[in-house]
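Biologist: I have a structure here and would like to go through it with you. Can we take it piece by piece?

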Amino acid sequence: MAQLKNLPKQVELINQALQKGWEENGLRPSPQEDDLKWCRRVYLDLIGRIPTFDELAEFAKDKSSSKKLNLVNRLLNDERYTEEYANHWATVWSNVLIGRKGGMEDNSIISREGMMKYLRDSFAQNKPYNDMVYELVTATGTTRPGTEKFNGATNFLAMKVNPDNGALATASVSRMFLGLQVQCTQCHNHPFNQWKQQKFWEFNAFFRQTSAREIQDGMTRYGELRNHDFAGEGGNPEEAEIYFQLRNGITNVAYPAFVDGTTIGRSGYLSQVNRRDELGKLMMQSPFLDRTIVNRMWAHFLGYGFTKPIDDLGPHNPTSFPELFDQLSVDFRQNSYDLKQLMVWITMSQPYQLSSRITKQNESDDPTLGETPKFSYFYARQMTGEQLYQSIAVATKALGNVSLDEQARRRDEWIRQFLVDYGNDEGDEANTFNGSISQSLMMFNGDLSKDATSVEPGSFLHTLIQQKGTPVDKVQHLFLSGLSRRPRNEELEVAKQLLIVRKNDAAGMLQDMWWAILNSNEFIFNH
Amino acid sequence: MWTNWANQRQFVTPHGMSRRHFATHLAGAATMLGASLSLGHSLRVHADTLKQNRKSCILLWMGGGPSSIDIWDLKPGTDNGGPFRTIATSGDAQISEHMPLMAKQMHHMSIVRSMSTREADHNRGRYYMHTGYVPDASIDYPSYGAVISHQLLSQRPDLQIPPFIAVGGASEGPGFLGMAYSPFNVTSNGRVRNLEASIGNERLMQRKIALSMIEDSFIGQRRGNSAIEHKKILEKTYDFLGSQQREAFKVESEPEEMKEMYGKNGFGQGCLLARRLVEAGAPFVEVDLGGWDNHDGIFQTLQRDRLPTLDKAMAALTEDLNQRGLLEDTVIVWMGEFGRTPRINAGAGRDHFARAWSVVVGGGGIKGGQAVGSTSEDGMEVVTEPYSSEDLMASVCKALGISLETTFTSRSGRPMKIANSGKLIKELFS
């Protein structure tokens, strides 16, 4: 690639590793994707929506050899995008940390707004990833913005520390930040995982000085996460131990110990040992911290991680490109956990430039068939619900001018219709926003689609209709706005026929074409 | 039918077609739509013959892991027994005193008391019990709803509603069978969102031409399988929008006493909806009742809340299907992801337990009234031949007339026997 000179060395590292993998597997990568379509992809992944017509034009006008890097830098660093960038990543991380339903249940002390605020602030200032994790794991304070001891980071653990002696906090922290799946070992040794029941409870012991309390303030409810002395289950705070039962009925004892076996003082007195702070420090030294985030980010941009699922890095789980994975993880740590740098490395690398068209020379690279991904083409995937909403709402101005907070609220409400509970105590949820008939019905007839195809004054289509230009120009505008490409001849031909059927009512024809574009796989997919 | 119409390629790629020719087709779309509606009517003439060969399955899914030791296989008077007593039923087995209505229906149903599985985590258990396979990162297996609707769809060529409907819960996905067999999720009041179009059918059909063109060319560029799946879902959506069978979702149109009989709560109305959907031809309906993850205070929760709800709805469903002559063609399955520990924990709850627990099945070709297998006095072990999720799935398939020799081929070419080669639970068919 022509731009290589200006790029960080990790881009070349990725390219070489992948090229080697393609050669070894007899794969030829797909050709490079068209620039405008690449632009659509990078907007979706970096700020959570497709580009507007004007933004696409701005990119197209840049004739320099570094136009792609310029765009990535613009989206990451230009003040115009700070808010949207922070909002997008806060949304992605809220869904990881508290789930899409977090804070929406009747008895919840989570403030979704508080979680989002903390995350938005963190991403807006590009807080180093390790600092963010440390804050989330060790947070104390209240969950709701505007309250005296407000600390939005507390929302992560607010509903996880109390039930079941903090079993959910144990399982979530180890899975989300260290890529270790321990939830089954709460009750028994895992059959094919190196984790033992003992380790689960040793990790759990870090959370036993912490509890959440509910605060009722008039009509609103929120929570406070507090540290306190822990007397231990044996009643001796100097040796604050916990007990757990093996499957054979024998009772064992556990003290805080990290996943690598490192122990800390056993005292339950906060003045002597703050267990969560100690856990935070130990996590900061763990290579699993680096690997988990690199894997998560790789999967965000390229559709699959180095492992599947991305939050299971145990030795039983096969890894694609293990050496590259190791090196990127080390480099990420050495680059001060700068997430924006990691984003540059990946978005500028060759696999991210490839077309999503599958060819005869790489069709065997199909992760949906259980193959480990080789990334020899860009894996087309459905947008997330948030990306789809944001793309329709912002790029097609379906909401008019409403604030980001209000947008987020409406969006969450819209997403909620696709969420279904599993009915267990662990708060698991299913997201049925997955390409089902319900989703098609929503895209056909839902309010958002109605707003997006409205021709009322002030709407996207109305503005377009008022502009100068032929109907063909306007159809072209629609294709570029929705699909980042120009219409093909046969598509223009359909538009012309529709104009005849609509008895030369251009607005009606544009409504029809825009509806068709928004409902197509080409629109709904990130490709 | 709309679907057939869409398959005629010249409509979707009118490249080089003259204007007049194409306009004829656009106008024709409306005519074809009218034709499809009357075709629906003429099919109804044969509906009775079709119905004779139509099998269905209703899965009552107890999310969280139901305590079968307090419902179907009690151990009264032992340390693990808990406070509930047993009552006699119309079948051979005794069940919990808090299931008095089901007790009168048990001649239709059989309890399998010898389930022994290994997955005691919610997500893994749910997946395993729904598919007959343990989770495997390399391949997604199809769940009950997908397998059964895939197999039974040919019995109902006139079906225009989704074949696999999940009421009040998420169920599990279609795996390698693809999105066309994914669950259609509705709440228990049967309300389907976004059915009302703001434009007429004629205009919708005209839009469909433009949409198909974009859709098909994207597929033609080989963007992967999910782009193709998206198109299939679009076709099903058109079918659904144009169908009279949508009426089946209107559970509120049932008479008041019917609603009362099932119980005026989410699960009760969900079961009533399931009966309506089966009547309308749906091969598979799952109805979810959550709230069984009772780590603490289990007995109060069961007695006051879960069991009365379950008892009323399940008994009403069994009775209603029977009275309508549908029970002999409809298999009812009751299960969750696992059972609960016989030992009562310090918080008066029971934890996850997969080694020995019960499920209930009946209807279709299943012999009712029995308790199959048994557990040890303390409930900790299965003392007869243990049965697995695969075995249960194979037995349900058999009861629906689906051949156990059926083999699926995943897209990677891997052949897989239906129900993961499970063996029949023989007692259910003797």
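Biologist: Into which domains is chain A divided?
Modeller: Chain A has domain 1 (101-285) and domain 2 (453-527). Domain bounds come from an automatic or database domain assignment. Residues are numbered from 1 along each chain as its sequence is written, and chains are lettered from A and ligands numbered from 1 in the order in which they are written. This is a predicted model, where local features need pLDDT of at least 70, side-chain atom pairs count only at pLDDT 80 or more, and totals for chains, interfaces and linings use all residues.

Biologist: How far apart do the C-alpha centres of domain 1 and domain 2 of chain A lie?
Modeller: They lie 52 Å apart.

Biologist: And what does the domain assignment of chain B give?
Modeller: Domain 1 of chain B is 18-52 + 193-246, and domain 2 of chain B is 55-190 + 250-429. The C-alpha centres of these two domains of chain B lie 35 Å apart.

Biologist: How many residues of domain 1 of chain B are in contact with domain 2 of chain B?
Modeller: 11 residues of domain 1 of chain B are in contact with nine residues of domain 2 of chain B. Two residues are in contact if their C-beta atoms, placed from the backbone, lie within 7 Å.

Biologist: Which helix gives the most to the domain 1 side?
Modeller: Helix α9 (residues 225-241) of chain B, with six residues. Helices (H or I, at least four residues) and strands (E, at least two) are DSSP runs, numbered from the N terminus. By class, that side of domain 1 of chain B has four nonpolar, two polar and five charged residues. Here Ala, Val, Leu, Ile, Met, Phe, Trp, Tyr, Cys and Pro count as nonpolar, Asp, Glu, Lys and Arg as charged, and the others, Gly among them, as polar.

Biologist: Now the two chains. How many residues of chain A are in contact with chain B?
Modeller: 57 residues of chain A are in contact with 63 residues of chain B. On the chain A side, α22(A) gives the most, with eight residues. The residues of that side divide into 24 nonpolar, 20 polar and 13 charged.

Biologist: What does the model score?
Modeller: ipTM is 0.91 and pTM is 0.87. Chain B has a mean pLDDT of 88, and 88% of its residues reach 70 or more. pLDDT is the predictor's confidence in each residue, from 0 to 100.

Biologist: Where in chain B is the pLDDT below 50?
Modeller: Residues 1-17 of chain B are one such stretch, with 25 contacts in the model beyond near neighbours in sequence. Over residues 29-45 of chain B the pLDDT is also below 50, and that stretch has 16 contacts beyond near neighbours in sequence.

Biologist: On to sheets. What is the strand order of the open sheet in chain A?
Modeller: The order is β1-β3-β2 (chain A), with antiparallel pairing. The edge strands are β1 and β2 of chain A, each pairing on one side only. Two strands pair if DSSP finds at least two bridges between them.

Biologist: How many bridges are there between β2 and β3 of chain A?
Modeller: Eight, linking strand β2 (residues 210-217) of chain A to β3(A). T210(A) stands opposite N227(A). In the hairpin of these strands, β2(A) and β3(A), there are two residues between the strands, and G218(A) takes a positive phi near 60°. Two bridges join β1 (residues 141-142) of chain A to β3 (residues 220-227) of chain A.

Biologist: What about the eight-stranded sheet, what is its order?
Modeller: That open sheet runs β6-β5-β7-β1-β8-β11-β4-β12 (chain B), with mixed pairing. Its edge strands are β6 (184-186) and β12 (371-372) of chain B.

Biologist: Where does α12(B) bend?
Modeller: α12(B) bends by about 45° at R306(B), and a proline, P308(B), follows within four residues. The bend is the angle between axes fitted to the seven residues ending at a residue and the seven starting there.

Biologist: Last topic: which residues does the cis peptide bond join?
Modeller: K308(A) and P309(A), with omega about -5°. P309(A) is in the loop between α12 (287-302) and α13 (322-334) of chain A. Most residues other than glycine have a negative phi, and most peptide bonds are trans. A348(B), not a glycine, has a positive phi of about 55°.
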